[in-house]
Amino acid sequence: MNPLFYLGRGFIKFLRDSGGIFLFFWQAFFYSFSPPYRVRLFIKHMEFIGVKSWLVVALTALFSGMVTAYQVHHALVKFGGQSVLGGVVALTLTRELGPVLTAIMVVARAGSAITAELGSMRITEQIDALKIMAVNPVQYLITPRIWAAMIVLPLLTAMADLIGIAGGYIIGVMVLGIDHGIFIARMEDMVELMDLMSGIYKSIFFGAFIVAVCGYKGYFASGGAEGVGRATTEAVVISSVGILVADYILTTIFF
Amino acid sequence: MEIIKIKDLKKSFNSFQVLKGVNLSIPSQEITFIMGGSGTGKSVLLKHLVGLLKPDEGEIWFENQDITKLSERELEKVRKKIGLLFQEGALFDSLTVAENVAFPLKEHTKLSKREIEAKVEELLSAVELLPAKDKYPSELSGGMRKRAALARTLALNPQVILFDEPTTGLDPVLQITIMDLINKIKETYGLTCVVISHDLILAFKYADRMAFLYDGVIVEEGPPEKIRASAHPYVQRFLESVFLENKEEG
């Protein structure tokens with residue numbers, strides 16, 4: 001078969017998915033301004049996406065902070081700059097690692113579950129059943145999740161920043177022997193409010209993005225159990241790669 | 001008096017035309033069986049009646065409005081009056097039977113918690129499923145799931161209920177139980193029932209009217225006695241298959 005055929009087919013699928021996800025997100029977003037307002041579902045999804053993800057995010061942030069401190073220290077020592085370790089670790093975490101790793105962990109834990117749940121609802125006609133009962137399925141299933149993710153992702157990111165920096169502190173100060181005061185002072189010197197906020201803004205975007213992609217893939221899943229599995233894989237891959245691409249674009253915009 | 005009128009309904013999927021111009025009137029407060037072999041588009045036709053599918057051409061009239069022209073928001077009002085019982089029930093698997101039945105009441109009525117509980121018990125009693133109210137759908141048999149779904153469909157007091165193969169996959173005794181239940185509910189609530197099926201024996205026992213869908217059109221319709229005397233080759237073949245089976249068994 002002509003390789004151009006596959007390339008073309010892949011490109012058309014990419015365009016269709018991108019357009020579909022974009023429209024799906026806006027549809028769900030606009031439904032949040034018309035009743036009924038599903039506060040209870042919003043709280044339930046905040047618990048699922050946020051509270052239940054905190055441990056995996058905390059562990060990821062802790063070890064990422066620790067390994068970052070080790071590697072950066074190794075590089076800084078070569079030209080005697082190890083005193084700025086605290087600042088470098090904090091900048092890396094607040095600007096990039098905190099929001100990106102948090103989002104990827106949420107994709108792995110909650111995003112995949114959202115796709116699987118909605119996909120299963122689709123193939124067992126539960127989504128059609130919602131329609132039949134005169135309940136708007138997008139407003140019921142997607143809108144509260146979008147808001148929940150947009151609220152909890154920044155909170156998880158802030159927690160990841162804090163725990164990651166603590167991990168860096170443990171390695172920098174307690175293991176590698178950098179002075180506590182210098183570690184903190186360099187952090188204060190180098191990290192500005194915008195560094196912190198850029199990570200928070202990114203995480204709000206990532207929250208909406210994760211639910212839009214994972215929700216879309218599950219909502220329109222087809223092909224039985226195998227189709228749900230395929231949709232879940234696609235959702236995780238698209239979300240993870242999309243987060244990294246979006247992170248680059250947002251970084252160039254912010255800085 | 002007819003409650004639903006389908007006019008020249010056409011629907012294709014990709015290049016395959018499933019419905020080629022369906023014309024059918026559904027009389028009020030009667031049981032109409034829509035018959036046909038597998039893959040003839042019976043379920044596709046049913047989904048058009050509640051706006052789950054949009055036709056390529058044609059009209060569906062309900063309460064003096066063509067529902068094929070309605071927006072999704074306008075369709076929500078129609079769907080409160082036309083219920084659909086899915087083949088597998090489509091119960092929410094994260095909710096118990098009672099919560100499933102309470103769902104439409106919580107969504108669309110201002111009933112208090114206690115009133116909803118009473119209504120749920122009444123509906124579950126009507127479908128003889130009250131003892132299973134705290135069970136999850138995964139703990140129910142096929143017949144129980146269909147009865148639970150029927151209770152949920154009844155919750156909003158619809159005027160019409162569409163049944164998508166309600167007896168498929170059930171043993172003969174359970175098939176009779178479900179059809180008796182549908183009949184009882186029709187009588188009790190004054191409902192119009194549209195049943196998709198390919199079970200001729202049940203149709204002759206319970207239908208007030210029958211319609212045969214073949215090759216994308218309704219080829220025969222009328223009361224069971226008219227169907228029995230039909231000269232249409234497809235209907236005859238359908239009837240022969242059942243009577244032949246009975247003869248062989250006899």
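Q: A crossing is right-handed if the near helix is turned clockwise from the far one by less than a right angle, and left-handed if anticlockwise. Is the crossing in which α4(A) passes α9(A) left-handed or right-handed?
A: This is a predicted model, in which local features need pLDDT of at least 70 and side-chain atom pairs count only at pLDDT 80 or more, while totals for chains, interfaces and linings use all residues. Residues are numbered from 1 along each chain as its sequence is written, and chains are lettered from A and ligands numbered from 1 in the order in which they are written. Helices (H or I, at least four residues) and strands (E, at least two) are DSSP runs, numbered from the N terminus. The crossing of α4(A) past α9(A) is right-handed.

Q: How are α4(A) and α9(A) oriented to each other: roughly parallel or roughly antiparallel?
A: Axes are lines fitted to C-alpha atoms, for helices over the stretch in contact, and angles run from 0 to 180 degrees between N-to-C directions. The axes of α4 (residues 85-123) and α9 (residues 193-219) of chain A come within 8 Å and cross at roughly 15 degrees. Angles under 35 degrees count as roughly parallel, over 145 as roughly antiparallel, 65 to 115 as roughly perpendicular and the rest as oblique. The crossing angle therefore makes α4(A) and α9(A) roughly parallel.

Q: How many residues in the contact of α4(A) with α9(A) are charged?
A: Asp, Glu, Lys and Arg count as charged, Ala, Val, Leu, Ile, Met, Phe, Trp, Tyr, Cys and Pro as nonpolar, and the others, Gly among them, as polar. In the contact of α4(A) with α9(A), 14 residues are nonpolar and 11 polar, and the number charged is 6.

Q: What is the peptide bond from A:P35 to A:P36, cis or trans?
A: A:P36 is in the loop between α1 (3-31) and α2 (39-49) of chain A. Most peptide bonds are trans. From A:P35 to A:P36, however, omega is near 0 degrees, and the bond is cis.

Q: What is the phi of B:D8?
A: B:D8 lies in strand β1 (residues 2-13) of chain B and, with 14 C-beta neighbours inside 10 Å, is partly exposed. Most residues other than glycine have a negative phi. B:D8 is not a glycine, yet its phi is positive, at about 50 degrees.

Q: How many of the 13 residues of α5(B) are buried?
A: The buried residues of α5(B) include B:R145, B:L150 and B:L154. Among the elements of chain B that cover them are α3 (97-108), α4 (113-126) and α6 (172-189). Helix α5(B) is largely enclosed by the rest of the structure because its buried residues number 11 of the 13.

Q: How many residues of chain B are in contact with chain A?
A: Two residues are in contact if their C-beta atoms, placed from the backbone, lie within 7 Å. The side of chain A that touches chain B has 5 nonpolar, 2 polar and 3 charged residues. Facing 10 residues of chain A, the number of chain B residues in contact is 15.

Technical notes: Buried ≥ 20, exposed ≤ 12 C-beta atoms within 10 Å, placed from the backbone.
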